[in-house]
Amino acid sequence: QVWQIRLDMHLLNHDGNITDAASIAGIVALCHFRRPDVSVQGEEVTVYTPEERDPVPLSIHHMPICVSFAFFHQGTYLLVDPTEREERVMDGLLVIAMNKHRDICTIQSSGVVMLVQDQILRCSKITAVKVAEITELIQKALENDQKVRKEGGKFGFAESIPNQRITAFKMESAAVDTNNLEQQAGEIIAKADPPSEVFANPILHTPGTAQIGEGVENSWGDLEESEKEEAVEEEGESEAAAFECHKVETEDTSAVRETKNDEPIVLSDSEEEEVVILEPQELPRKTR
Amino acid sequence: GRLLCGPGLRRSGAGLLVTKCGLLRHRAAGGGAYWVDSQQKRYVPVKGDHVIGIVTAKAGDVFRLDVGGSEPASLSYLAFEGATKRNRPNVQASALGVGDLIYGQFLVANKDMEPEMVCIDSSGKSSGMGIIGQDGFLFKVSLGLIRKLLAPKCEIIQDLSQLYPFELVLGMNGRIWVKAKTVQQTLILVNILEACEYMTAEQRKQALAKLSGN
């Protein structure tokens, strides 16, 4: 006498790649399943009900998971886990089933695409990564389910769907005063210094080597705790940034800097790091 | 008259059993009919339904079409308007290749036999059926949305026709084919129709207003 198990899969809805989803569902169902405990004494076989003895799991040695690859334009483009629309127009399909020990359990190729050896090797590497992730997810889910059942909590499909409730909190929209915006911006622009000289044409030395502007002395030796930032902004934006920098009290990691000010702008109140930005004077645009 | 028991309901002894979940609807005309309006994506071929099929194979005189059911449907090359055995080089039938789209209706559709499709109605006229032209875009939606779109004076279609001109074929098997002047317009229409599944009329009008404002 042997046990016989049957796995039925009902597809409720899909957006392509049923193979992968079904393989995960199948193996998880088998891992999750518990069969009645049995004891055999000579010729006598006793099957215990779930109330008498806890049912035992099946002996699953490994978890093969399928990963599908869709090919387009004779192998030029490769898509992992194609959606329904991608499946309809693909040239060929490659399915690799692997377990977390990196054993390839199945390779199946269909369609009108001819695959090269290194493509298949690349696909199997991708499969190994994906299978490792998915197997970990499965383990976590199974452990979670076991824990919840032991603690007496709620389990099952209904409980695993996240709760999406409409709560009572409402966020009021915040109004922004844009009345004098143009005037304010105009004032800022009027007060600011003119932008530095722009060198539009690079001087071509040899093919591949060009020079824009004159360059400045290297001052690396002086800077131990300061950072040199690159300034690539338009006038308008930098004005707004200067305006903002003085007001910002929290640590600001904005990369917007100004090219005109001589003084360093201290942006951070933190005592740990001292961020000092030096803006060299009259610096033409330097390429790094 | 007699009371009709429609889809989703089944007689059991003296009473009625509900077999699908959904809204119970009632029509008082002609003795009255009750049925359950249910939401479903899987199509089961029904005689008389107009559907969009995809040609998967040509087997002699017969085309095999994928209609989204459990079995492929068959379509004879003679089942087009003006096709006779002598008139073999019928432009329509001979130009049909694998991957083409056909709009036709079911002549035979029951659970025991492979469904059969035709592209002519009972009087021999095509009445809109036949090969669907080139380009355009085919996509799937739920059967409930198709029924909504096929209702007379459907609001969604009226709103969309204010947007751009387009051609539209609705198959009862959940398939819609759209074609507009440019690819971008076609895709916009596809997205709106797919979203109509879950949008309220208000949201749809807002979305369309935004688009026509662009």
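When two helices cross, the crossing is called left-handed if the near helix is turned anticlockwise from the far one by less than a right angle, and right-handed if it is turned clockwise. The model discussed here is a predicted one.

**A pair of helices in chain B**

In the predicted model, the axes of helix α3 (residues 155-163) of chain B and helix α4 (residues 183-195) of chain B come within 12 Å and cross at roughly 160°. Since angles over 145 degrees count as roughly antiparallel, that crossing makes α3(B) roughly antiparallel to α4(B). The crossing of α3(B) and α4(B) is right-handed. On the side of α3(B), the contact is made by B:I156, B:L160 and B:L163, while α4(B) contributes B:L189, B:I192 and B:L193. Sorted by class, this contact of α3(B) with α4(B) has six nonpolar residues, with no polar and no charged ones.

**A sheet in chain A and the helices across it**

Chain A contains an open sheet of four strands, in the order β6-β5-β7-β8, with antiparallel pairing. At the edges stand β6 (77-80) and β8 (104-111) of chain A, each with a single partner strand, so one side of each is left without a neighbour in the sheet. From one strand to the next, the twist averages 20°. Within this sheet, A:F69 stands opposite A:V80 in β6(A).

| Helix of chain A | Strands of chain A it lies across | Angle to β5(A) |
|---|---|---|
| α1 (residues 18-32) | β5 and β7 (92-98) | about 175° |
| α3 (residues 117-151) | β5, β6, β7 and β8 | about 140° |

**Strand pairs and a hairpin in chain A**

Strand β5 (residues 65-72) of chain A pairs with β6(A) in the antiparallel sense over four bridges. Strand β2 (residues 38-41) of chain A and strand β3 (residues 44-47) of chain A also pair in the antiparallel sense, over four bridges, and A:Q41 stands opposite A:E44 in β3(A). Together β2(A) and β3(A) form a hairpin with two residues between them, and in its turn A:G42 has a positive phi of about 65°.

**A recorded domain**

According to UniProt, in an unreviewed entry, the feature "domain: Exoribonuclease phosphorolytic" is placed at residues 2-36 and 62-126 of chain A. Over residues 2-36 of chain A, the chain is 43% helix and 6% strand, and the end C-alpha atoms are 13 Å apart.

How values were computed. Residues numbered from 1 in each chain as written. Chains lettered and ligands numbered in written order. Predicted model: local features only at pLDDT ≥ 70, side-chain atom pairs only at ≥ 80, totals over all residues. Heavy atoms only, no water. Axes fitted to C-alpha atoms, helices over the stretch in contact; angles between N-to-C directions. Parallel < 35°, antiparallel > 145°, perpendicular 65-115°, else oblique. Contact = heavy atoms within 4.5 Å. Nonpolar A, V, L, I, M, F, W, Y, C, P; charged D, E, K, R; others polar. UniProt positions renumbered as here; feature names shortened; annotations may be inferred. Pairing = 2+ DSSP bridges.
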